[in-house]
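Please take a moment to look over the sequence and the model shown here before reading on.

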Amino acid sequence: MQNTIPNTFRMKVRARVMEEYHSVEELRMLLEKYRGEEILAIGAGSNLLFRGDYDGVVLHSAMRRARALDENGDEVLIEAESGLVMDELIAQLCDMGLWGLENLSHIPGEVGASAVQNVGAYGVEAKDAIVRVKTIAIADGQERVFENAECRYGYRDSIFKNELKGQYIVTSVVYRLWKTPHPVLDYGHLRAATGDTPTPNQVREAVMQIRKQKLPEVSEIGSAGSFFKNPIVPREVYERIAAAYDKVPHFEQDGGVKIPAAWLIEQCGWKGKRLGGAQVYEKQPLVIVNADQATPEDVMTLAEQICQSVREKFGISISPEVNYI
Ligand code: EPU
């Protein structure tokens, strides 16, 4: 189908115009060509839900190189272009014995989008390794480099999703990796699977095993990974819930208490529930899957009903981490 927009939800959606660029120069030419039109830069579409066809210009990076920039003692700086599949980069880095991104193994998506979304898993977020993000301004094609602090990273969040939304296109990301062991193994059962002194590839293997048990393979069943963010609530809210329920899973975070949205959704009885072609994933209810030709409407209605029942039962608002387009 012409102008089909790639998306891991496997929705059949099209763009009015869809273009790929192979260099920064080509990107600048495309921005010039489509000046004044609505522009959307996408990666692999692994965190997007299109409400329908997109009446604008979709741009996708086909720049996929990575290179070592600098070595300084224990640190190595690697610059990766935006269209490189994140997991391909991580596989290479682990093979080189470099530490820093191994916990993010097998996350779907490309380098550019992962720096916008600040993807995270098993105690590590992209921001922990990102040194700077190189971008091109949609308005005038000028390069602007954002140092880590300027990206205002937060949980699945950055300046590129807020104040500067839709204004810059990421062209490459510079990461800091380590040559000596820097394992992060305290999330869940990770350490039990790796022991205390693993190699980066052993951590990668363990992470991939855990993910395979819990999360749907986007190559087999459509989804956008976690559909919702985990809410961080004031301590009083957690205590009110803890008084009423046995063993509420929780983690201290950012001065509040994080309660897994998966637990809240499960308590509301949504595991495995279906609406049209959309379904709450049985093994991890934080994920909505395209079980059978789901429409965007099916997914959005199911998501809204889940939010509503969590709000009614617990008085907590959960919000999508998936971006609606
Ligand atoms: N839980 C349940 N029922 C379930 C599954 C989980 O109650 O069926 C509870 C358990 O208490 C469990 C807790 O939820 O201990 C946490 O579950 P899990 O370790 O699977 O992590 P998560 O908080 O549900 C987050 C990320 C995932 C990431 C994992 C591991 C978000 C929105 N999601 O999920 O990221 O892989 O942690 O770090 O923060 C993604 O963003 O697409 C994604 C998959």
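The paragraphs below go from the domains of the chain to the ligand and its surroundings.

This is a predicted model, in which local features need pLDDT of at least 70 and side-chain atom pairs count only at pLDDT 80 or more, while totals for chains, interfaces and linings use all residues. Residues are numbered from 1 along each chain as its sequence is written, and side-chain values use heavy atoms, with hydrogens and water left out.

The chain is divided into domain 1 (15-61), domain 2 (66-212) and domain 3 (217-324), with bounds that come from an automatic or database domain assignment. Between domain 1 and domain 2, the contact (heavy atoms within 4.5 Å) takes 15 residues from domain 1 and 18 residues from domain 2. The C-alpha centres of these two domains lie 23 Å apart. The area buried between them, meaning the accessible area (1.4 Å probe) that two parts lose on being put together, summed over both, is about 1100 Å², and carbon and sulfur atoms give 60% of it. On the side of domain 1, Arg 28, Leu 31 and Ser 61 supply 31% of the area that this domain buries against domain 2, more than any other three residues.

Some atom pairs can be followed individually. A backbone N or O atom of Tyr 122 lies 2.6 Å from an oxygen atom of the ligand, whereas Glu 266 places a polar side-chain atom 2.6 Å from a ligand nitrogen atom.

Notes. Polar contact = N/O pair within 3.5 Å; in protein donor to acceptor, adjacent residues only side chain to side chain.
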